[in-house]
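Q: Take a close look at the ligand site. Which residues surround the ligand?

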Amino acid sequence: MAEQEKTQKKDHSGAKYVIRAIAAKAYQDAYDAKARGEKVGWCASNFPQEIPETLGLHVVYPENQAAAIAARGAGGTMCEHCEGLGFSNDLCAYSRISMAYADLTKCPNGEQDMPMPDFVLCCDNICDCMFKWYENLSQKLNIPLIMIDIPYNDKFEVDEKRTEYIRAQFIDAIKQLEDITGKKWDDDRFKKVMAISQRTARAWLKAASYCNYVPSPLNGFDLFNHMAVAVCARGKEESAEAFEQLCAEYEQSVKDHKSTWKVPEEHRILFEGIACWPYLRATSTPLKEAGANVTATVYANAFGVLYNNTNELMQAYANVPNCVNLERAVKNREDACLDGKVDGALIHINRSCKLWSSIAPEMGRRIENDLHIPVVMFDGDQADPRNFSEAQYDTRVQGFVEVMNNNKKKGE
Amino acid sequence: MADIQKQLNAFTEIAQNPAKQLDKYVDAGKRVIGVAPYYTPEELVDAAGAVPFGVWGMQGPADEARQYFAPFYCSICQMSLEMGLNHTLDKLSGLMCSALCDTLKGFTQNWKAGNGERIPLIFVSQPQNRFSPAGLKYTVDSYKEVKEKVQECCGAIIDDDALFDSIRLYNKWRKAMRKFISLAGQRPTVVSVPQRSDVIEASYFMPKAEHLAMLKDLNEALEAVDPDMGDFSPVVLSGIYENIPDILRMLQENRISVVADDLAKESRTFAMEVSEEGDPITALAAGFCGMGNDSILYDPKKNHIHHVVDLAKENGAKGVIILLAQFCDPEEFDAPFITSACEDAGIPCVTIGIDQSTETYEQARTQFESFKDLLK
Ligand code: SF4
């Protein structure tokens, strides 16, 4: 990790740097827009980005902010502040960090500040926690809340009633945003945003697919860092270009037999769940020491949202992880495992994400049965540092690696 | 008065023996459909000639459910799954369940994985944007699917007339429940907190027509008795449910009378109104879409908070007790707002954590005692 950072500091033209800069620029752009007197928003990561992008609105993403705050060490302080306001420590740590930020309007040490919003955009396709959190932001800050509700889908496919319901809410959301911000919807611009989003999605899918090479030209953890741009900034031309650049770099690495994964690739694994941002090093180091590279995550395919028309666009938002039924959730993982040619799966039982973690054990059993690979779970949290034990993690990873080693020996 | 106690005992007998009830109806050749939270169109089950049977977990530890849920999930979902896995519910012909919170979503999937082959899931999809025509349309389409699934599980065809009969029955029953809540709250010297809870609980384990018949008699008898608060303090309960024996006992010991409640299992459910005209499925859908003042339902203006304060004011309550179901996100997001709204209104408020798997409630005992002092 440190090595990669050094390289990036030396050469700021690498795709990694460009992608990081896109994320950073979104915050600055929002500050600038606010300074110009424009209305800016806070937006749920899986809210259809096509809407604010088409309207030319500047929005920032509390989930990304919370991840950044947690990765930079202030997750605990912010969570505790929120608990001091009376909220239970049982709630999702992203939501606690965000509600704390809404109260404080700044981070303890500038970990990741962002402008205060004039409206909030919510989509509950990833969880219902989301709309409660945004209700609270809207109440606390006394600003309008726009919500696109995408009900959890118990079926494998997205049906007509869902598509229609989402479409009607798209239209409502646009109307409300026009009223709030004074910006006007433009169908041509929308088409362009959709086209750019497709280009970005294709490039993201392709970039992620380089994990399928043996050995992989990338450290799978890198994808966690790029994901935010793939999800939130899909509609921006510079994102498409950055991911295309990333593809070119990976391609070159394959040709040159190079990788951002710096040790021999002894094992290839699925890492399931959101990263433990406060413990990126603690979670990645034992894997690195064991030569276990992450070559599969559900994000790879899940966030490469492809659509050919607006119907499929609506459906895509109903197919994000956490909105799909168990069978589809398992299939998404198993496909990723097969593509990534994995030897095992490591599942994060994320204390913050009730929905995800609620089906993870059964998902793990199915993956184990269907693919005959070891599946190991560990307890952690995406942002609250108090919910992770390094000792437990190390022991679990040790056991996991042992089984993979044995399997490898048997296979030889 | 002796007569009222006899009536109350009859409710208690049913409330405390759900398994006996289940056997009774199955032995009588009825199909029984489990009804899990929240606000599902249970009228369909009634109209299919089947018996709805509330599945809201049970007191006890989760054991087999641990294979599916880590410990940080609410006990309603943990224990309902447990009851499926340990075969307590094998006689059910289906389980109807909504997906109105994240834990319920996981629950539905785990139910299908662990129990689905024995007890099919009747998945009820409801919208959160309930105020728009699109939300209503979505509910109608979804309830049509629910109707088919109910028919399949009950081996019956539901016709519109039968459905309207059930709608009328449920409207009457909900009205009678609202009346009971108010009558009982003003007569704590006659109806104790555990008895009040049993009257409500019994309705989950029998056809509504039977419950309504008993309830009407009880309400009449209660009406004949003058309101008497005795030394009881009027209080509003807020939360999902209250029926934890220790908690009910403590409420009673502390001479608390529940003059109104904001509990999902109680008054939030009884608040629904369904039109008795037009298309019955649309009526049921509109009934759901018209619901509000609830932590579980999207509430952009957070009316729920003010509703609790209003309930307290309108019913002359001296305090609000939030019975916070442990690990319940929707409630946990609202609780601090309710607490501060009560503070602003000068109404004492306390939050007491509850869970079906908690063994002792010593902390709650102390909380109740100090809260009781605030009510004087
Ligand atoms: S609303 Fe709360 S108590 Fe009810 S099922 Fe969901 S998490 Fe559990």
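Predicted model: local features only at pLDDT ≥ 70, side-chain atom pairs only at ≥ 80, totals over all residues.

A: First, the terms. On a 1 Å grid over the protein atoms alone, a cavity is a set of points where a 1.4 Å probe fits but cannot get out. A molecule sits in a cavity if more than half of its atoms lie within 2 Å of its grid points.

Residues are numbered from 1 along each chain as its sequence is written, chains are lettered from A and ligands numbered from 1 in the order in which they are written, and side-chain values use heavy atoms, with hydrogens and water left out.

The space taken by the ligand is the second largest cavity. Around the ligand stand B:Tyr38, B:Cys74, B:Cys77, B:Cys101, B:Thr103, B:Leu104, B:Cys328 and B:Pro330, with a heavy atom within 4 Å as the cut-off. Seven of the shell residues are nonpolar, one is polar and none is charged. Here Ala, Val, Leu, Ile, Met, Phe, Trp, Tyr, Cys and Pro count as nonpolar, Asp, Glu, Lys and Arg as charged, and the others, Gly among them, as polar.

Confidence comes next. Chain B has an average pLDDT of 97, and 100% of its residues score at least 70. The model has ipTM 0.97 and pTM 0.96.

Definitions and conventions: pLDDT = per-residue confidence, 0-100. 1 Å grid on protein atoms, 1.4 Å probe; cavity = no way out; pocket = protein on both sides within 12 Å on 5 of 7 lines; lining within 4 Å.
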